[in-house]
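Me: Hi! Could you walk me through this one while I look at it?

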Amino acid sequence: MGLRMLVLPVLLGLFYGASDINCSAVRGNTTDHRSLLDFKGAIRADPRGALSSWNENIHYCMWSGIKCSTWHPERVTVLNLANLSLTGQITPSLGNLTFLRELKLSNNLLSGQLPPFNRLIRLRVLYLHDNLLQGSIPNALTNCSELVGLDLSSNMLVGSIPQNIGSLSNLVGIDLSNNSLTGNIPPTFGNNTYLEELRLTHNQLKGRIPEDLGKLPNMGRNRAVFLGQNRLSGRVPTTLFNLSKLIILDLSTNKLRGTLPYDIGNLSVSVQWLLLGANNLSGTVPPSIGALKNLTVLDLGGNNFVGPIPYSIGNLANLQRLYLSNNHFDGW
């Protein structure tokens, strides 16, 4: 489906407007200037010449990928060098850009450790996805309490997700997928009042799915929970079925067990993707599943379901893909 932070472009338009424009002053903020030069010094390859304008002949507010604030002259608010095939490392000195609100370095070849950025208290967008970043997610990153969008997906990150990630109470979308993260899913995700998209797929997370995920109050339009391709175990929390406007629920390819709730049809009138395949789920498929009228993809394959296939599945008029193989249904 290619869904990536569907809600963020609209929301971010509220945050980045006329106050973030290029500064043309001759003076400069020494800290910001040096921090940018330090970052440039750690870039080993710049095949597209993106940093060619980063020289002393041009004010740093006019450098490529940089925006400064009119309200706080010569303070960098945006650093956007995405999609430029940059090779090198992200220097901790970027953490000195204390007025930074948007940091986008995605789709490059940046490696090394992820700096803590604990001083970036104004940061609202951090997109570092599709790089070669290693090491763990720093606990200090949760000091960036204004974060709205956090995307660290498709890197080589290891270790556990910071347990206090729930302190990022303004998060709308978080994507940590396609890494090698281990440990449990922090129950504090349930504290993220505005969270609309949670992507943790393709990691090595284990343990139970926290019941608290069912407390996410703003799971409405364009909301999705992706937890597939991990090592999660235990039962599917019934609280997940409280997310009454959820569109996508992906719990596939884990080690989940137990039966589906009889009232699974109450999950959501909006749900379009329900992916439960490749687990250890058992029992019968409740007939109430036929009440999910907007389902376009239903994956129950690769489990231990028994009994008849509910006739009510025939009521799913919008269904485009149905996976039921590798179960123990009657007549199969």
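Me: Are R75 and D32 buried or exposed?
Reply: Both R75 and D32 are buried, where buried means under 20% relative accessible area, exposed over 50%, and partly exposed in between (1.4 Å probe, protein chains only). Do keep in mind that this is a predicted model, where local features need pLDDT of at least 70, side-chain atom pairs count only at pLDDT 80 or more, and totals for chains, interfaces and linings use all residues. Residues are numbered from 1 along each chain as its sequence is written, and side-chain values use heavy atoms, with hydrogens and water left out.

Me: What do the side chains of R75 and D32 form?
Reply: They meet in a salt bridge, at 3.2 Å from N to O. The term stands for a side-chain nitrogen of Lys or Arg within 4 Å of a carboxyl oxygen of Asp or Glu. This pair links distant parts of the chain: R75 sits in the loop between β3 (66-69) and β4 (76-80), D32 sits in helix α2 (residues 30-41), and 43 residues separate them. Helices (H or I, at least four residues) and strands (E, at least two) are DSSP runs, numbered from the N terminus.

Me: How many salt bridges are there in the whole structure?
Reply: The search finds 4. Among them, E102 pairs with K104, with the closest N and O atoms 3.1 Å apart. E197 pairs with R199, where the closest N and O atoms are 3.8 Å apart.

Me: And how buried are E102, E197 and R199?
Reply: E102 has a relative accessible area of 9%, so it counts as buried. E197 is buried at 1%, and R199 is buried at 11%.

Me: Switching topic, how many helices and strands does the chain have?
Reply: The chain has 2 helices and 23 strands.

Me: OK, in what order do the strands of the 6-strand sheet run?
Reply: The order is β13-β15-β17-β19-β21-β23, in an open sheet with parallel pairing. Two strands pair if DSSP finds at least two bridges between them. β13 (206-208) and β23 (328-329) stand at the edges with a single partner strand each, so one side of each has no neighbour in the sheet.

Me: How many bridges join β13 to β15?
Reply: There are 3 between β13 and β15 (residues 231-235), and these strands run parallel. R208 has S233 in β15 as its bridge partner.

Me: What about the sheet with 4 strands, which order is that?
Reply: That open sheet goes β2-β5-β7-β9, and its pairing is mixed. Here β2 (43-45) and β9 (132-134) are the edge strands, each with a single partner, so one side of each is left without a neighbour in the sheet. On average, neighbouring strands of this sheet are turned by 15° against each other, direction ignored; axes are lines fitted to C-alpha atoms, for helices over the stretch in contact, and angles run from 0 to 180 degrees between N-to-C directions.

Me: How do β7 and β9 run?
Reply: Strand β7 (residues 109-113) and β9 run parallel, joined by 3 bridges. Q113 has Q134 in β9 as its bridge partner.

Me: I'm looking at G112 now. What does it touch?
Reply: G112 lies in strand β7 and touches Q89, L132, L133 and Q134, not counting residues up to four places away in sequence. Contact means heavy atoms within 4.5 Å. G112 is also buried, at 11% relative accessibility. From G112 to G135 it is 23 residues in sequence and 7.5 Å in space, C-alpha to C-alpha.

Me: Nice. Where is S93?
Reply: S93 is in the loop between β5 (87-89) and β6 (102-104). Its relative accessible area is 11%, so S93 is buried. Leaving out residues up to four places away in sequence, S93 touches S35, D38 and F39.

Me: And R321, which residues is it in contact with?
Reply: Leaving aside neighbours within four places in sequence, R321 is in contact with W273, T296, V297 and L298. R321 is found in strand β22 (residues 321-323) and counts as partly exposed, at 41% relative accessibility. R321 and T296 are 25 residues apart in sequence and 6.4 Å apart in space, C-alpha to C-alpha.

Me: Last one: what share of the chain's residues count as buried?
Reply: Of its 332 residues, 55% count as buried. In the chain's contacts with a separation of 6 or more, residues 24 or more positions apart account for 56%.
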